[in-house]
Amino acid sequence: MNPAESRPASTPDTPPAPDAPVRFGLHAPLRLRVLTALPFVLAAAVTPLLIALWGDRLPDPLATHFGLDGVPDGFTGPTAFAVLAAAVPLVLGAAWTVFTHRSALWGAWLTSGLIGTLLGLVVRDNLDAATAADVRSPLSHLAVALGAGAVLALAGHGLSRLVPPEDATAAGTRIAPGAPRLDLGAGEAAGWSRATASAPLTALALLFLAGGVVAALLGPWPLLLLAVAVAVPGLALARVRVVVDRHGLTVRSTLFPRPRVHVPLAEIAGADVREVRALREFGGWGYRVRAHRSGVVLRSGEALTVRRGNGREFVVTVPDAGTAAALLNTLAERDARL
């Protein structure tokens, strides 16, 4: 039995709570500050470590500044350069930590990747050189540094998911008092699940598939591959299961492991129900993306609408969306108090 299906949603008539203030820098969560500082600490350690390991293979002084032709025009002693190479990332890291923000964590990792890679390449250029004047540094090093920065930027973006959105950092305040809720006891668990399907999307996918088979028999066979490429994603989204539980909201295909959309409780700023018009509002059926909105839209009518902490909205058309919204608000509010 599904406990969430047997309980009515509570809808107290109270005004919505004001928006939570944006928290950044020293007022940001400790986890965000640690993740912001981490890449700069690692970047600060790289160059001194390389100088310590390769000290007997480096000239003194080092060639540390180069013109556009790659010829050195600036020189620094190994010890002084090690101190400088540690200080620059640490100073930048301190500045990033003061002004850090969850949505900008990727920028901190990008910056540290660029700086750390460029400083490390300077040491690499000097390796086994007879004198600093013999060292050359090609402009291709900039491309290497940009590539390393891009990889770290992706890592920082992924790690930002470990930090709750700003709206979720004030315990118990991110869900408006007037939002529907389910009456659950402190230790009581509940879950809700519904399968829903789209007849138009199923018909269109099967029509494409049949058309591809016919076209392949009468014409070039690559048309079949094109039809499959269109039909399979359509069939994957034609029937989905929507689940609300202690992990948040999950929408997944019932036919294939993917696609799957998951919204954790920590990212939910509120949920409610409204009527949507598939063609007028989203331009069709399936997984739809609009400005500040996305959703799995399988029909017109009742839809569960979830407001995320970053201001975006996720919509999924599903029966009994009222119970899902009430349970989601209750679980998100409970999660915010932990």
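Reader: How many helices and strands does the chain have?

Author: The chain has 8 helices and 13 strands. Helices (H or I, at least four residues) and strands (E, at least two) are DSSP runs, numbered from the N terminus. This is a predicted model, in which local features need pLDDT of at least 70 and side-chain atom pairs count only at pLDDT 80 or more, while totals for chains, interfaces and linings use all residues. Residues are numbered from 1 along each chain as its sequence is written, and side-chain values use heavy atoms, with hydrogens and water left out.

Reader: Why is Thr47 called buried?

Author: Buried means under 20% relative accessible area, exposed over 50%, and partly exposed in between (1.4 Å probe, protein chains only). Thr47 has 0% relative accessibility, so Thr47 counts as buried. Thr47 lies in helix α1.

Reader: What is Thr47 in contact with, leaving aside its neighbours within four places in sequence?

Author: Thr47 is in contact with Phe81, Ala85, Leu119, Gly120 and Val123. Contact means heavy atoms within 4.5 Å.

Reader: What makes Thr196 buried?

Author: Its relative accessibility is 5%, and therefore Thr196 counts as buried. Thr196 is placed in strand β5 (residues 192–197). Not counting residues up to four places away in sequence, Thr196 touches Ala238, Arg239, Val240, Leu298, Arg299, Thr317, Val318 and Pro319.

Reader: What share of the chain counts as buried?

Author: Of the 338 residues, 42% count as buried. The accessible surface of the chain is about 17,200 Å², and 66% of this belongs to carbon and sulfur atoms. Accessible areas come from the Shrake-Rupley method with a 1.4 Å probe; for residues, only the protein chains shown count as cover.

Reader: How do you know what span to expect of helix α4?

Author: The expected span of a helix is 1.5 Å times one less than its number of residues. Helix α4 (residues 140–159) has 20 residues, for which 28 Å is expected. From its first C-alpha to its last, α4 reaches 29 Å, close to that value.

Reader: Which residues of α4 are buried, and why are they placed on one side of α4?

Author: The buried residues in α4 are His141, Ala145, Gly149, Ala153 and Gly156. They cover an arc of only 115° around the axis, so they are on the same side of α4. The arc is that of the directions from the helix axis to the C-beta atoms. Helix α3 is included in what covers these buried residues. On the face turned away from the buried side, α4 carries the exposed residues Ala143, Val151 and Leu154.

Reader: What makes a set of residues a patch, and which residues form the nonpolar patch with about 410 Å² of accessible area?

Author: Patches are made of residues with over 30% relative accessible area and no salt bridge; like charges are joined within 9 Å, and nonpolar side chains (Val, Leu, Ile, Met, Phe, Trp, Tyr) within 5 Å. Leu68, Leu118, Leu139 and Leu142 form the nonpolar patch on the surface, and about 410 Å² is their accessible area together. One of them, Leu118, is in helix α3 (residues 105–126). Leu118 has 32% relative accessibility and therefore counts as partly exposed.

Reader: Why is the pair of Arg57 and Asp128 called a salt bridge?

Author: A salt bridge is a side-chain nitrogen of Lys or Arg within 4 Å of a carboxyl oxygen of Asp or Glu. The side chains of Arg57 and Asp128 meet at 2.6 Å, N to O, so the pair is a salt bridge. This pair links distant parts of the chain, 71 residues apart: Arg57 is in the loop between α1 (30–53) and β2 (62–66), and Asp128 in the loop between α3 and α4. At 36% relative accessibility Arg57 counts as partly exposed, whereas Asp128, at 51%, counts as exposed. The structure holds 7 salt bridges.

Reader: Where is Arg277 found, and why is Arg277 called partly exposed?

Author: Arg277 is found in the loop between β9 (268–276) and α7 (278–282). Arg277 has 44% relative accessibility, so Arg277 counts as partly exposed. Leaving aside neighbours within four places in sequence, Arg277 is in contact with Phe282 and Ser300. Arg277 and Gly301 are 24 residues apart in sequence and 6.5 Å apart in space, C-alpha to C-alpha.
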